[in-house]
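Please look over the sequence and the structure shown below before reading on. The report then goes through some of the features that can be found in it.

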Amino acid sequence: MARGYMGKILHVDLTNGRLEDEILDEKMCYDFIGGYGIGARILYSRQKAGVDPLGPDNMLGFLTGPLTGTQASFAARLTVVGKSPLTDGWGDSNCGGHFAPNLKFAGYDGVFFTGISERPVYLLIDNGKAEIRDAGHLWGKDSYATEDILKDNFGEKAECVCIGPTGENRSLLSCIITRRGAVAGRSGLGAVMGSKKLKAIAVRGDRKVPVADQKGVMEWKKRHIAAIKGPAPPGSVVDKEFPKYGTSHVADPFAQAGNAPIKNWGGVGVVDFPDSSGLSGDAAIANQEKKAGCWHCVVGCEGQLKAGTGQYNYPRGTRRVEYETQGAFGTMCLNNNTESINMINHLCNAYGIDTISAGCTIAFAMECYEKGILTKADTDGIELTWGNHEAIVAMTEKMIKGEGFGRILADGSKKAAEKIGKGSEKYAMHVGGQEIGMHDPKFHQRPGSFAAARYQMDATPGRHTQMSVGPSGFHIHIYNVTGWCLLCDLVAANSITYIQGFLNAVTGWDRSMDDLLEAGERIANIRHAFNLREGINPLDWQIPDRVIGQPPPEQGPMTGVSADAQAQIYWTLGAMDWDRHTTVPSKKKLLQLGLVDIAEDFWPESAGIY
Amino acid sequence: MQEIKVQLFGFPRNVTSKRDVVFTLGDGAILADVIANLRKSVPALDGFAIKPGENRLVEGFKFNHNGRLVYDDFSTEVNSGDHIALLIQVQGG
């Protein structure tokens, strides 16, 4: 077995309480590495198409990567996988924190859940021993209280992930949380966890992650830290302010420069939201008490706030906001009130809802209100006018608690529009059911960026974190499946080179960059194949016209600019060797990548001959 | 001669405290000439958004010139009334 792996994954059937260890297959590790690579391989092989995402047959996986729990610089990510109830297709999401390394210290590279428990439960993995326990005392508790109780029970060194009440209520926007705000937010996987009546997973242990060449790891770390301390290479996205602010200092300039979406994607910053100073980095850290970071991170980009003392009384320890939250509840809603966004961030983290989708859904409702589709009679008396921060906080509370009109919004803008009707669907800014990340694809038109196509062609639509699709995104899959943090690109250039160095030193492999990128391509194909098997052709998804500038803006920095999504998609399909109508990968490509079973599924005439 | 207006957005606006810069260029001027005049008019952009000693933008910065984003080919002719905006590089988020 390659080093870097604990060598086994745990399968938990919540219907009958059965727990079973599976020895990790070495070839699967080599081919799919970890995280959603291994997750997609297992779900494609063992889960039938068409299962109800909130039913017993949907597998919910929590996975690490081979770098997780080692001295590699940024390797604390946890990936959660499953069929998404938001898109009815492939779902994955990841978060930082301390859970993933401690899952490995407890003895496992990952854990998969199937079935549905009769009563609320949590899983405890205590240094190699797994046990399902009653969670009746935790059900109904927010994520902060849940974590506090589990830590009281099992000690400060125990780590947990959990859902809040929003996940228990199976809101399709609900997420999975650790450390009061490290959140696997996208794809609605908190609802899957809630559907299984699985409140939390707690882990503790003292096992060591085996490493092939510890000296080599430390040499790569030394090099990487030197690069982080060095100057920002021209043209890179390295951001010397990142360690101080995290991502919170870009919302203000992005609002004015055209990168951040304004007014439910229908506005222009300099026209509709000329004062975005409440979204500045200094505003974000004004009430910050201390910095924090994920397990062994060499940067530590998080912040924790003092208690709110004004109109909004969020508790001490509330996470400092990050850009995506500032975008969704700030620029999208024309909300320049810093403290309200701090409060919202607290509410979303405590109750467990994805801030991107939640904020975008409220922006959708605000536009419906402006257009007269919704009135105060519909919104429980709340005046959903642009920039009305009190209304935004109030509606967020209704969403997370599933109360009144908040219940309509709690499953996202697509589902809300289906319920509201009256032509509201044209104001729902989603792709495939998932709200779009806070980066305007019109702003990112450099050849090779594929900023519009990624929102449609990635297996988890609407996401910005894959950065790209097609060959220019293969390396991002390697970031994710090794357990590496994507934000590393903001502190040093050429991250993939360091990942390659760390990966070879940790595992004992000697993998070339070509070989790693081919693994990225393999992973892109199996995520896509999962969706195809579910009957999803991404060409049937639509990026809303206003997102890609059809027609283009008439004012502001993006005046006259459209994103040529169709050209980007056309090029991507060719580069991936996917059919330009069905998007089915060619047989040749699938076989080249070693995906023989998938080739047989999609090209049945070749079944059994390879 | 023609009057050229360049709008500034995001960090360039914050760094210079200017919303736009207006100057006069001769007929047949190109975007590289716009960069040269931006340097003269707003020295704070030199080294920040404009490459020192070159009439080029620092990698990552770009123009929106009449709806077309221009990163590194500054040979396009400009005319009075053109929409020209200096845009930031992408960081964070």
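The model is predicted.

**Two pairs of helices**

In chain A, helix α13 (residues 338-351) and helix α15 (residues 389-401) pack at an angle of about 0°, and their axes are 10 Å apart. Angles under 35 degrees count as roughly parallel, and α13(A) and α15(A) are therefore roughly parallel to each other. On the side of α13(A), the residues in this contact are A:Ser340, A:Met343, A:Ile344, A:Leu347, A:Cys348 and A:Tyr351. They meet A:His389, A:Ile392, A:Val393, A:Thr396, A:Glu397 and A:Ile400 in α15(A). By type, the residues of the contact of α13(A) with α15(A) are eight nonpolar, three polar and one charged. An α-helix has 3.6 residues a turn, so residues three or four places apart point the same way.

A second pair in chain A consists of helix α2 (residues 35-46) and helix α19 (residues 474-482), whose axes come within 5 Å and cross at roughly 90°. α2(A) and α19(A) are therefore roughly perpendicular to each other. Here A:Gly35, A:Tyr36 and A:Gly37 in α2(A) meet A:His477, A:Asn480 and A:Val481 in α19(A). The contact of α2(A) with α19(A) is made of two nonpolar and four polar residues, with no charged ones.

**The largest nonpolar core**

In soluble globular proteins, nonpolar side chains tend to be buried together. The largest nonpolar core in this model has 221 residues. Which of its residues touch the most other members? They are A:Tyr122, A:Ala200, A:Ile201, A:Ala365 and A:Phe502. Helix α14 (residues 355-370) of chain A gives the most to this core, with 10 residues. Leaving out residues up to four places away in sequence, A:Ala365 touches A:Leu374, A:Leu384, A:Met395 and A:Leu409.

| Helix | Residues in helix | First to last C-alpha | Expected at 1.5 Å a residue |
|---|---|---|---|
| α14(A) | 16 residues | 22 Å | 22 Å |
| α21(A) | 21 residues | 30 Å | 30 Å |

In α14(A), 15 of the 16 residues are buried, so this helix is largely enclosed by the rest of the structure. In α21(A), 15 of the 21 residues are buried, so α21(A) is also largely enclosed by the rest of the structure. A:Gly372, with a positive phi near 85°, follows α14(A). Just after α21(A) comes A:Gly535, with a positive phi of about 85°.

**A buried loop residue**

A:Ile543 lies in the loop of chain A between α21 (513-533) and α22 (565-576). Is A:Ile543 buried or exposed? A residue is buried if 20 or more other C-beta atoms lie within 10 Å of its own. A:Ile543 has 24 other C-beta atoms within 10 Å, so it is buried. Not counting residues up to four places away in sequence, A:Ile543 touches A:Val431, A:Ala452, A:Tyr455, A:Gln456, A:Ile548 and A:Ala565. A:Gly462 is 81 residues from A:Ile543 along the chain, and their C-alpha atoms are separated by 8.4 Å.

**The contact between the chains**

In chain A, 28 residues are in contact with 21 residues of chain B. On the side of chain A that touches chain B, α9 (251-257) and α12 (323-329) each supply at least two residues. The largest share of this side, four residues, comes from α9(A). The residues of the side of chain A that touches chain B are 15 nonpolar, 10 polar and three charged.

Terms used
Residues are numbered from 1 along each chain as its sequence is written. Chains are lettered from A and ligands numbered from 1 in the order in which they are written. This is a predicted model: local features need pLDDT of at least 70, side-chain atom pairs count only at pLDDT 80 or more; totals for chains, interfaces and linings use all residues. Axes are lines fitted to C-alpha atoms, for helices over the stretch in contact, and angles run from 0 to 180 degrees between N-to-C directions. Angles under 35 degrees count as roughly parallel, over 145 as roughly antiparallel, 65 to 115 as roughly perpendicular and the rest as oblique. Two residues are in contact if their C-beta atoms, placed from the backbone, lie within 7 Å. Ala, Val, Leu, Ile, Met, Phe, Trp, Tyr, Cys and Pro count as nonpolar, Asp, Glu, Lys and Arg as charged, and the others, Gly among them, as polar. A nonpolar core is a set of buried Ala, Val, Leu, Ile, Met, Phe, Trp, Tyr and Cys residues joined through C-beta atoms within 7 Å. A residue is buried if 20 or more other C-beta atoms lie within 10 Å of its own, exposed if 12 or fewer, and partly exposed in between; C-beta atoms are placed from the backbone. The expected span of a helix is 1.5 Å times one less than its number of residues.
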